[in-house]
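This report describes selected features of a predicted model. It turns to a side chain and its surroundings, and then to pairs of helices.

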Amino acid sequence: MIKKTILGALLTSALVATPAAARPDYADSIKADYDKSLASLWDHFHRNPELSFREYKTAARMAQELRAVPGMLVTEKVGGTGVVGMLKNGDGPVVLVRADMDGLPVQERSGLANASTVKQVGVDGLEMPVMHACGHDVHITSLVGTARQLARMKDRWKGTVLFIVQPAEERVGGAKAMIEDGLYTRFPKPDYALAFHVAAELETGKISASEGIQYSSADSVDIRVPGIATHGAAPHLGRDPVYIASQIVVGLQSIISREKGPLDPGVITVGAFHAGTKHNIISEYADLQVTVRSNNQAVRDRLIASIERVAKGIGAAHGLPDDKLPVVTVTESTPVTVNDGALARRLNGAIANALGKDVVTPFRQTTMGAEDFAFFVDQKHGIPGYYFAVGGTNPEWIAAAKNGGPPVAGHHSPLFKIDPEPSVRLGIEATTAAVLDLLGPGKN
């Protein structure tokens, strides 16, 4: 009996982000909500992901969930499929809380019982398998839970909370589309903007936020390499775009190793290479899809300019005429995501006070992931932003990986998975703590 009691206590504590003494007084309400409804809501979203700007069913379900929150005013189709929920509670500041909702064109192989089997035609006209390979199902589920908690605790805050359900983060276009559709003119302009991302590299129960750069910039670059078609047995009669494009792939890395300063972060990755239709035909063109990452605008501009120079130069070196040189096009872009230093210090402290000091861990930028949350907090809007990471990987999975077990899959992997309950609950707890700090009595 004693052994069972101890085991039960250990299992219970494993589900709680912080020790009982440090838990916020609304943690039990969040747990009850998760057991009653949020667990099944996350399951629904995980099984039914949708591609960027095609999140029709997800947006409709989110609008339905937000409308069920007492006092919530909901507007749909903002910036395409975006949803805005406005919860007003007297006079006071305006806080924007954002969650992104799109999935990725990835075939899920996570092994989860609720793995997605969905296929969908995207904005590019291609039918692809779809997966929540970046945890956006956690984000939107937590947004619903946060809205319910704040509606329940109106005696503890004054002001307005805007709940933003954003499309197309994966194409870094949804935030910009919502702003261009009047997000900051049709609705109250925020005094603060908040968001979080579930993090595969961070264990559950932990939160991390920078007091400066949180995420890098990202630019999607398309390179079309023309060729002169001919028979594969007579390459001298044409110009082979596959060979030329292959040289470009290799040449692009010289930009990183020999043109960019060694202390300036930067990445150029060729993520896709498409060409040809048959073994023995030298095709008329090859297409490269490239992602470019940096941490400041000067490096970003230099990388993109160098990509065009290298591509055209290699094309010319291989005999392409001036009217058939490679064409370089930047198709999608988002700037660096930078947290407001003063706001980050304030909210890191508020979350630590509410959830426990052991929860907030120092931020380290270990990859050059990007976020279009940057558009919400662009300097021209004058809105301080706070973006934080919520641990999504069970510590046991991390320990197993260190001991020779399966590695922890990163974001955008077909093997990606997170531990939903602690991730969703901690996301709600932290976001609620942050909003209460910003809108609580005597805080402003």
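The side chain of Glu 332 forms a polar contact of 3.1 Å with the side chain of Arg 171. Leaving aside residues up to four places away in sequence, Glu 332 touches Arg 171, Val 172, Ala 218, Asp 219 and Ser 220.

## Packing of α2 against α4

Helix α2 (residues 27–47) packs with helix α4 (residues 136–152) at an angle of about 150 degrees, and their axes are 9 Å apart. The two helices cross in a right-handed sense.

On the α2 side, the residues in contact include Ile 30, Leu 38, Leu 41, Trp 42 and Phe 45. Those of α4 include Val 138, Ile 140, Val 144, Arg 148 and Arg 152. Sorted by class, the contact of α2 with α4 comprises 8 nonpolar, 6 polar and 4 charged residues.

## Packing of α7 against α8

Helix α7 (residues 241–258) and helix α8 (residues 297–317) cross at roughly 145 degrees, with axes that come within 9 Å. The crossing of α7 and α8 is right-handed.

The contact of α7 with α8 contains 10 nonpolar and 4 polar residues, and no charged ones.

Note on methods
Residues are numbered from 1 along each chain as its sequence is written. This is a predicted model: local features need pLDDT of at least 70, side-chain atom pairs count only at pLDDT 80 or more; totals for chains, interfaces and linings use all residues. Side-chain values use heavy atoms; hydrogens and water are left out. Axes are lines fitted to C-alpha atoms, for helices over the stretch in contact, and angles run from 0 to 180 degrees between N-to-C directions. Helices (H or I, at least four residues) and strands (E, at least two) are DSSP runs, numbered from the N terminus. A crossing is left-handed if the near helix is turned anticlockwise from the far one by less than a right angle, and right-handed if clockwise. Contact means heavy atoms within 4.5 Å. Ala, Val, Leu, Ile, Met, Phe, Trp, Tyr, Cys and Pro count as nonpolar, Asp, Glu, Lys and Arg as charged, and the others, Gly among them, as polar. A polar contact is a pair of N or O atoms within 3.5 Å; within protein, one must be able to donate a hydrogen and the other to accept it, and residues adjacent in sequence count only if both atoms are side-chain atoms.
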